[in-house]
Amino acid sequence: MGKGLPIMFQGTHSDAGKSVIVTAFCRIFAQDGYKTAPFKSQNMALNSYITIDGKEIGRAQGVQAEAAFIQATTDMNPILIKPNRDYESQIVVHGKPYKNMQAGEYRKAFFQTGLALIQESLTNLTNTYDRIVIEGAGSPAEINLNDRELVNMRVARMANAPVVLIGDIEKGGVFASLVGTLQLLDREDHDRVIGVIINKFRGDVRLLEPGLKWFEEYSGKKVLGVIPYIPHLNIDAEDSVVLNQYTSAVNEEKEIDIAVIQYPKISNFTDIDPFFHEQDCHVRFITRSNQVKNPDILILPGSKNTIEDLKFLKESGIAQKIVELHEKKQAHIIGICGGYQMLGLKITDPDGIESSYNEMEGLSLLPLRTTMKKDKTTVLSEGHLHFNDQSYHVKGYEIHMGATNVSGDCSPLIQLSDSVDGCKTSDEQVIGTYFHGVFHNDDFRKGYLNAVRISKGLTPIEERISFNQLREEAFDLLADHVRNHVDLTFIQHEMERFHQRSVKIDSHI
């Protein structure tokens, strides 16, 4: 290995807060003058991030790179797994689709390939950066999978990284989950764990102190910190499990009601994030037709399996509700990526790229037809978006398998340097685009929301949030929060100790 000192964060289960804590340490080390990179060998996520060279990685690693003030590369997430139907996923290797594989095939046929990819990326990062902050996945104690796992203790051994185990106290049973995880580890892996962090704590920490003392005495492992829960942290979520915290109910106190369709294969739902921070907006996620109600804005977000999610819309009755809203001019309807494709006349998938269905009629709100292609579009894009007689410079990114042809009474939404993107009806009640992140552009979001306000007879709001500024403030807030509640000195000491131990071993080889 090279000069970079690694530290690895693993959890007792999924959604223990690993991604957020890794993000915090990326910002902390960068603030302290270390050239820092995140790393997750294998990520299963439908929320993607596009690197500057047009490659696709897990969104968490892209955000962590931003926290470290660096450009993300595919070495930071060499293997991305994107579930696209039952028991099958698209395997993305160094940012490009590799193959659709079922879980058993992946474990048997891809294991050695994966090991080589991970080792190469780790070597590249440790030769380039001073600090490598590594994120595990799920739990290291999944004994049915550990013989061929590619993301937890095997990676820690490859990197010679000390491991911090994270437990989520919000779920309950945190001491049992920490102790149980430690007891199921092999001796070598058990010794690699330098301590634990208890995450998402609410209340008086003094009430927890007897448990902390007991845990240290019983396990022999140090409690490195108890991190209080931070509400409304403005950092991109990776897993759609976070959507379970949001209501489907209307909030009558907010002037603009935004309903987002939460279909089974929803992806890149972070497109919606800026609306959570607008003072006049209430965002709700809906899965049933009786939850649709009468929103001011209805959003069809991205999907990893557009045809099957469109089938869900039809079978749930949501599709009919969307059409009725359009006919009555009761809602502004937005489709992004897969949602854009659903708004069209027809989607075909002749080669079974995403679905076992060869074709399906769309919602027919926009005059477009989409055909799924084997080649995947992954690109950072920018152009000029035309809406409400205004032109807005916008930046975004595209991730899609389909090619869409537009015809009929529909104007392009965004003028690119050599082409156009998207489509809108003449009254601009329905718009669709392949641009993820379109509402992260502050000027357009302001113009769009004010157009909705005017249509409701409300006064426009001239001062709105700067979303990028909010994100930067959130990174700093998170870093300060973790600094104040975690023993950074001990962690740094252990990183140095592991490094010195590996130097001694190398010198004797």
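Student: How many salt bridges does the structure hold?
Tutor: This is a predicted model, in which local features need a pLDDT of at least 70 and side-chain atom pairs count only at pLDDT 80 or more, while totals for chains, interfaces and linings use all residues. Residues are numbered from 1 along each chain as its sequence is written, and side-chain values use heavy atoms, with hydrogens and water left out. With a salt bridge taken as a side-chain nitrogen of Lys or Arg within 4 Å of a carboxyl oxygen of Asp or Glu, the number of salt bridges in the structure is 35.

Student: How many residues apart are the partners D15 and K171?
Tutor: The side chains of D15 and K171 meet in a salt bridge with an N to O distance of 3.4 Å. D15 lies in the loop between β1 (5-11) and α1, whereas K171 lies in the loop between β10 (163-168) and α6 (174-183), where helices (H or I, at least four residues) and strands (E, at least two) are DSSP runs numbered from the N terminus. The pair therefore links distant parts of the chain, in the sense of elements defined by those runs, and the separation of D15 and K171 in residues is 156.

Student: Which lysine meets the side chain of D487 in a salt bridge?
Tutor: D487 is in the loop between α13 (467-485) and α14 (488-507), and its partner is 265 residues away in strand β12 (residues 222-228). D487 counts as partly exposed because its relative accessibility is 27%. The N to O distance is 3.8 Å, and the lysine is K222.

Student: What is the angle between the ring planes of Y392 and F444?
Tutor: Rings of Phe, Tyr and Trp (its six-membered ring) pair if their centres lie within 6.5 Å, and planes under 30 degrees apart count as stacked, over 60 as edge-to-face and the rest as tilted. The structure holds 16 aromatic pairs, among them the tilted pair of F387 and Y448, with 5.2 Å centre to centre and 40 degrees between the planes. Y392 lies in strand β22 (residues 390-406) and F444 in helix α12, so their pair ties together parts that are 52 residues apart in sequence. Y392 and F444 are both buried, and their edge-to-face pair has 5.7 Å centre to centre and a plane angle of 65 degrees.

Student: Which ring has the charged end of R501 over it?
Tutor: A charge sits over a ring if NZ of Lys or CZ of Arg is within 6 Å of the ring centre and within 35 degrees of the ring normal. One such case is K35, which lies over the face of Y129 at 5.1 Å from the ring centre. For R501, the charged end is 4.4 Å from the centre of the ring of F498.

Student: Which cysteine is joined to C410 by a disulfide?
Tutor: A disulfide is a pair of cysteine sulfur atoms within 2.5 Å, and a search of the whole structure finds one. The torsion about its S-S bond is about 130 degrees, so the disulfide is right-handed. By contrast, the sulfur of C337 is 15 Å from the closest cysteine sulfur, in C423, which is too far for a bond. The S to S distance in the disulfide is 1.4 Å, and the partner of C410 is C423.

Student: What is the relative accessible area of R27?
Tutor: R27 lies in helix α1 (residues 18-31). Leaving aside neighbours within four places in sequence, R27 is in contact (heavy atoms within 4.5 Å) with E66, A67, F69, E472, F475, D476 and A479. Among these, A67 is one of the buried residues of α2. R27 is buried as well, its relative accessible area being 1%.

Definitions and conventions: Buried < 20%, exposed > 50% of the residue type's maximum accessible area, 1.4 Å probe, protein only.
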